[in-house]
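Dear colleague,

Please find below the structure that I am handing over to you. My notes on it follow directly after.

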Amino acid sequence: MAFEPPRRLVKALGEAAPGDDDWLAKLPGAAERAVALRGSTVERVQVPGGRGSLVILVRLPDGTPAVLKLAPARARPESERAALAHWDGLGAVRLLEPGGTDGVLLLERLQPDVSVRSLAEAKSMLEAAGTLRRLWVEPPADHVFETVAERTGRQAEAMRAGADAEAVPLVDAALAVRAELLASPPQARLLHGTFRQSKVLAGERSPWLAVGPDPVVGECAFDLARLVRDRVEDLIASPSGAATTRRRIKRLAESLDVDQERLRGWTLFRAVESGVRARRVGRAQDAELLLEFAAWL
């Protein structure tokens, strides 16, 4: 079959990494080789799929349902492989092929069309938080994962360079809170890095399992911060959105034993960073929502 990259993937890579054009051009051939190498039978390409990878639903020679995931080097697939190997299925999708350095991951098949986001808001937050808790483990002693300080350092530079006059006060606040948080960090854990409700899929050996990590090592509040703004469009549309956000921070912090002020600080930093980045690549509506959300914090 023809492995044409989904439109969503092409658009997302065009916004974030125009240099990945060569990877996209080679993707159909790479997908064919990955399938053939494993003797797999293709069922379908997952559409709309993710913003940073091609996901192919396959069956292995013994009939086992599985997923082949192909990602460009920019998406750090080998870092994802290392994290999934370390978790070994605890709270996360299981890696079926630990070896390899070709940017191809062979994964356990979950239910790709059923995420925890399909649940009612209160239940989805509860299940997502429970899944995230299981991922927070000691990183390997010899790990080479990026740290929260390193990742947010790169992001801070891009925020300074990309902020327009309207966003400057929020950027200044976000950079100030980052400096405070990094001055006295709590115990470091291996984190998912990009956790949100859509990253938690229904499974068989466990009701809910996390997928698609961009792993990082640091404090748990950083990981939880992205979950705080889930369904941000609903929060912004609600007259009580700001109050709901404050309650969400309190409940999530208490349920996962995270310091509430540190969670608020990382939520501010991550919302501003995402908002400035969205504006830089032309997603004006997303930027407006994120920066309005950040102003509540």
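A residue is called buried under 20% relative accessible area, exposed over 50%, and partly exposed in between, with a 1.4 Å probe and protein chains only. By this rule Arg277 is partly exposed, with a relative accessible area of 32%.

Please note that this is a predicted model, in which local features need pLDDT of at least 70 and side-chain atom pairs count only at pLDDT 80 or more, while totals for chains, interfaces and linings use all residues. Residues are numbered from 1 along each chain as its sequence is written, and side-chain values use heavy atoms, with hydrogens and water left out.

Arg277 belongs to helix 10 (residues 260–280); helices (H or I, at least four residues) and strands (E, at least two) are DSSP runs numbered from the N terminus. The C-alpha atom of Arg277 is separated by 9.2 Å from that of Gln155, although the two residues are 122 apart along the chain.

I turn next to the strands. Strand 3 (residues 65–70) pairs with strand 4 in the antiparallel sense over five bridges; two strands pair if DSSP finds at least two bridges between them. Within this pairing, Lys69 stands opposite Leu105 of strand 4. Five of the five residues of strand 4 (residues 104–108) are buried, so this strand is largely enclosed by the rest of the structure.

Most residues other than glycine have a negative phi. Arg76, in the loop between strand 3 and helix 3 (77–87), has a positive phi, near 55°. Arg231, in the loop between helix 7 (220–228) and helix 8 (232–237), also has a positive value, near 60°. Arg76 counts as partly exposed because its relative accessibility is 30%, whereas Arg231 is buried at 14%.

Finally, there is the second largest pocket. On a 1 Å grid over the protein atoms alone, a pocket is an open set of points where a 1.4 Å probe fits, with protein on both sides within 12 Å along at least five of seven lines; lining residues have an atom within 4 Å of a point. The space in this pocket is about 300 Å³, a volume being the space filled by probe spheres set on the grid points, which are joined across faces, edges and corners. Its lining has 14 residues, and Ala122, Met125, Leu126, Arg251 and Leu252 lie nearest the centre. Helix 4 (121–135) and helix 9 (241–255) each supply at least two lining residues, and helix 4 gives the most, with seven.

Yours sincerely
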